[in-house]
Amino acid sequence: MAKGHKSFHLPESRAHYVPPREYRTVHTKVELAVDFEKRGIAGACTLEIEPILPGLEAGRFDACEMDVKRCAVDGEAVEFEYDNSTLTVPLKPGKGSYSVRVEYAATPKEGLYFTGPDAEYPGKEVQAWTHSEPESARFWFPCHDHPTDKSTSEVMVTVPKGFRVISNGKLVSVKEEGARATYHWREDVPHSTYLTSFVAGKFGEITQEVGGIKLRYNFPESKRSDVLRYFGETPRIIQVMEELTGTKYPYEKYDQTTVEDFVAGGEENINATTLAMNYYPEAGTEEDFQPAYAMPFNNAVNLVAHEAAHMWFGDWVTCSDWCHAWVNEAYATYLQSLYVERTRGADEMKWGMGAREVEYFEEDETEYRRPVVDRDYVWPHDVFDHTLYRKGASMLHELRYLMGDEAFFGGIAEFLRRHAKGCADTDDMRKAMEAVSGLQLEEFFEQSFLRPGYPEFDVEYAWDDRAKTATLRVKQVQDTSDGTPVFKLPCEIVFYVQGKRRKFRTDLDATDQTLVFSLDSRPSVVEFDPERWLLKKVKFDKTSELLENQLDSSQDAWSRSEAARALGQTGSDKAVSALKAAAVKEQFWDVRACAIRALGEIGSAAALEALEEVGIRQVRRVRRALAKALGNFKDERARRILVNLLEEDESPYVRCEAALGLAKSWPEGALPHLKGSMGVHSPNETLAEACLEAMGKLKDDEVKSIVDENLPYGRPTRARVGALKAIKARGRIADDEVPRLKEILLHDKEFRVRLYLVSALIRELADGRFIDALREVSKKERNGSIRREALEVYYDLTGVAEQSATLARLKSEVEELKEENRKIVKGAA
Ligand SMILES: [Zn+2]
């Protein structure tokens, strides 16, 4: 039986198309007073619209959960209809344009969010901020809420004096009246509704400038000393993005504002990005900062670069429908990688892409497999997954390889020129790329974006000494029953012959291919795509000698890392000495880290000795690998180093890894050390999270009470997630935890805790006691990620998805039978 992947399509999924449009919105003016106490807004939205056909008799607007008070058209009050999601306003047909003014109030449950202190988190800032992607603008202003409707905008927001409002475009004025102030912003570049935004709160401000563009960083005062560690590279990022896209930054300013409880890392509101608070690197953490220890490739630079890239891909040119959202997200993700390539080198960039691909592979294996472009979803937010970001970015990397740099970057500039201030889809992208290169890319786009999966190669190598030929048999062994293609891709095969690197570019296009290469003599290194252009999995068994040579002398760091990983599987003494040599002398940190982890995998006395000699005098990310490796040894010497790393290391993330390693290496003695480190401060208290996860692996009754203490609302978010990780590590949810976890699932205010609970804990433990709660969450939850995860896990647990697929199949069989029957009856008549 084929191993098969779960389907992205749930019973509630349906095909989504661009909704019909009856008018163009030319200008949107939102005037709102913010009431922080009532967590509500009141005011008006005026839409200047132009009918597409002259006979338009009514304007229909998306407007959800509002209290609509009055509507006027061209200054004249009109009777309107409102069903809580669509507002219908009568128009006198025949005019070329209308000004529709809607007066309303709302206390939005999504789209606009309020934060503030409570008894449990007294330090939280009073703020209001919008987050409208994909379709939540309609909760705070009436509009045609789809990316295809682009208009200029004005946002006028009234707040108590002392608060600032940050929005899109130019700050036209600030008018103070009594105890209140009104901020008036105006954006002259037409943009999609989801990119209109405002943030209101008490913010400090630091400004920089690049090429005449004003860069403004807005932050709560408590973060002032960390601000430049978060945003300081912005000028360079903007410059590099201009170079990469061949397009000047298209706006006069760029605001970046951090807010409490933000529901994503960042959101690319047009020239006014909103970002999360958990990315501020504290002093001394820059070298290996990450928002939490399990996110090794997430950091401020990557986040800031990603959102800045959206100013071109997403804001200047916008995906024309959500199924094409890779045009926004894959580009932002890839441009972020290209920024890393420019500033930190290709090895660092490839490491980051590889780490992100791991997330995509995980999604593919445990959640579902889908093509990048897929219009069958339940909610638009569903497509914002690893397939969209990670696989999408990897497909762009392949495209760049296929086209070459000149054509690829030329295509980017051409695409941005063609669709400036507009919307574009997958075909538009292909056509721009074809126009500059003369290539025909339909086949590549089809396999990359319209078909699911990736190639899984099985490679065998043989050397014929008499004929002086190297033979590679390359098989594509991926399951193609779900639409995954047999891939047609260029691929590099590299041999090192007498110290010289020989590179051959071949075309892979079949399930079983034999490639023969004539060489002067037996190669010392044989590599398959060593520069890492292709998204793939490879099984390529090599002799220890070939692996050792590859680790020692390949020019490509990624390939050396792969050799280290493979040597970890062989376990020989020779492998140990090769890995030890690499761990000491290797230039690139990840190769050292891979060699160290491989020594940990080997787990022999010789391997431990090698690790001791490698020692802790390493950069932080390598010490982290050391902590992981040492966890594999049930040996006092390993413990001693681990305790030392846990309690003394300057890097919180090394400490986290040491906590996990110590629990593994010394389950009977780790608890006092973990308890001792729980309270040591780390960024976002991620060390508490790691200690809790580590404790979950211990069989000790005391752990349960520590988990109980850290679960409640009021504890640091990461500690709460750590408590959930501890339960997951234990492998079972205790009876008394079920009601507490249900309470969190249904009512907790922290989305990160709810999300982890659904997407990891309940999903992995497959606990049927949560079926009803998951169903409820899938109906009432407003966070798109949690809602989707809850529905998936619900179907996992009930097996309903499977049943409905069977049902659908039976239905279609019945239909076929009916049809046959009809034919027979007809024939008889
Ligand atoms: Zn993005």
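This is a predicted model: local features need pLDDT of at least 70, side-chain atom pairs count only at pLDDT 80 or more; totals for chains, interfaces and linings use all residues.
Local features need pLDDT of at least 70 and side-chain atom pairs count only at pLDDT 80 or more, while totals for chains, interfaces and linings use all residues. Residues are numbered from 1 along each chain as its sequence is written, and side-chain values use heavy atoms, with hydrogens and water left out.

Start at the metal. The zinc ion has three protein donors: H306 (NE2), H310 (NE2) and E329 (OE), at 2.0 to 2.1 Å. Donors here are N, O and S atoms within 2.8 Å of the metal (3.2 Å for Na, K and Ca); water is not among the atoms, so sites may look incomplete. Along the chain, the donors of the zinc ion are spaced H-x3-H-x18-E. H310 belongs to helix α3 (residues 300-310) and E329 to helix α4 (residues 326-344), so the pair ties together parts 19 residues apart in sequence. Helices (H or I, at least four residues) and strands (E, at least two) are DSSP runs, numbered from the N terminus. Both H310 and E329 are buried, meaning under 20% relative accessible area; exposed is over 50%, and partly exposed is in between (1.4 Å probe, protein chains only).

Next comes helix α13 (residues 589-602). Its 14 residues should span 20 Å at 1.5 Å a residue, and its end C-alpha atoms are 20 Å apart, which agrees. The expected span is 1.5 Å times one less than the number of residues. Of the 14 residues of α13, 12 are buried, so the helix is largely enclosed by the rest of the structure. Among them are W589, D590, R592 and I602. The cover over the buried residues includes α5 (346-367), α10 (544-553), α12 (573-585) and α14 (605-614); contact means heavy atoms within 4.5 Å. Just after α13, G603 adopts a positive phi of about 70 degrees.

Now the sheet. Five strands make an open, mixed sheet, ordered β17-β18-β19-β21-β20. β17 (204-210) and β20 (266-267) are the edges; each has a single partner strand, so one side of each lacks a neighbour in the sheet. Strands pair if DSSP finds at least two bridges between them. β20 and β21 (residues 272-276) run antiparallel, joined by two bridges. Opposite G266 stands L275 in β21.

Finish at D118, in the loop between β10 (112-115) and β11 (127-130). Its side chain makes polar contacts with the side chains of Y713 (2.6 Å) and K749 (3.1 Å). A polar contact is a pair of N or O atoms within 3.5 Å; within protein, one must be able to donate a hydrogen and the other to accept it, and residues adjacent in sequence count only if both atoms are side-chain atoms.
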